[in-house]
Amino acid sequence: MALLYKSAAERGRVWKDLFAAHAPELDFRIWPDVGDSADIRYLAAWVLSPELLASLPNLEVIFSVGAGIDQLDLGLVPDHVQVVRMIEPLLIKGMAEYVALATLALHRNLIDYMAGQRERCWAPLEMLPACDRRVSIMGLGTMGRAAVEMLRPFGFQLAGWSQSERSAEGVQSFAGAESLESFLAQSDILICLLPLTPQTRGILCRKTFDRLPRGAGLINVARGGHLVEQDLLHALGEGQISAAIVDVLTEEPPARDHPFWGHPRILMTPHIASQTGAQSGGLAVLENVLRHQRGEPMIGLVQKETGY
Ligand code: OXD
């Protein structure tokens, strides 16, 4: 019985050692050294190809090496194969940190001050107390709830929106399409942490921006597919959105002439909001493999119908 790993080589070597120490009966193979493909029961990967899947006749579980699974193309996955996303402490903590960083950057007008420095312009702005800033998170899953925990001590007014009812302490929760408008209307800083599904693709669009209070800030740390980039440019041009921090784009890396590169009101980072820890990510997969072998539920099992 074997696990095939097809992702960053360095992390693969760490995982191989972990499996050798804790599950020596499972052969840990690093792609392209597949060996006899009939042995492969588990696959850990970032993306899938039809050729790879077709070559693994006895595959039972696919582990995403990241928190998201949209990049795996679930349409390719046979019904009997389970899909598990990465839930591990370092990845969650990293995301919560980035959300705090980006929220504070918008809250404290960092983008204005960066522009001011470039222009040699010393121009203090009025400081709004955190308790008067309404910070809203779309997506109250594992990442969203960790972001809430990280933001809570600052004293912001926190709200969360999710497709189905979810609650988090100290957070005003909104659920479902019918509550989206009222949620947006009270969001000074809007943070997207939603899974990318057919329902959420393009959710950060003109209609959404128009419902925000004028001058709201936007943070997208989910997927590029959530954001209609042209609509953001338009909203920034109109002043409907005052500034945006984006870590993910429709096309990564963006073309050299992509308008976000030089936009004075956009802070862009190269999909680094968080990263799977080599050790902690390996332990999370190991734990799930052991659970699977014991017939116990795996952590992060994806419901293929909903796509998260
Ligand atoms: C992830 C990512 O899904 O890095 O983990 O985007």
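Analyst: Buried area is the accessible area, taken with a 1.4 Å probe, that two parts lose on being put together, summed over both. For domain 1 and domain 2 that area is about 720 Å². Carbon and sulfur atoms give 54% of it. The model is predicted.

First, the parts themselves. Domain 1 is made of two segments, 2–88 and 276–294. Domain 2 covers 90–268. Between the C-alpha centres of the two domains the distance is 32 Å. Domain 1 brings 13 residues to the contact, and domain 2 brings 7.

Next, the polar side of the interface. There are 5 residue pairs in polar contact across the interface, both partners at pLDDT 80 or more. On the side of domain 1 that touches domain 2, 4 residues are nonpolar, 6 are polar and 3 are charged. The salt bridge count between the domains is 1. Arg 223 and Asp 70 form a salt bridge through their side chains, with 2.9 Å from N to O.

An N or O atom in the Arg 223 side chain lies 2.7 Å from a ligand oxygen. On the backbone, an N or O atom of Ala 67 is 2.7 Å from an oxygen atom of the ligand. For Gly 68, a polar backbone atom is 2.7 Å from a ligand oxygen. On its own the ligand has 210 Å² of accessible area, and the protein covers 83% of that. The residues around the ligand are Trp 46, Gly 66, Ala 67, Gly 68, Arg 223 and His 271.

Terms used. Residues numbered from 1 in each chain as written. Predicted model: local features only at pLDDT ≥ 70, side-chain atom pairs only at ≥ 80, totals over all residues. Heavy atoms only, no water. Domains from an automatic or database assignment. Contact = heavy atoms within 4.5 Å. Salt bridge = Lys/Arg side-chain N within 4 Å of Asp/Glu carboxyl O. Polar contact = N/O pair within 3.5 Å; in protein donor to acceptor, adjacent residues only side chain to side chain. Nonpolar A, V, L, I, M, F, W, Y, C, P; charged D, E, K, R; others polar. Near = heavy atom within 4 Å. Areas by Shrake-Rupley, 256 points an atom, 1.4 Å probe, with all protein chains shown as cover.
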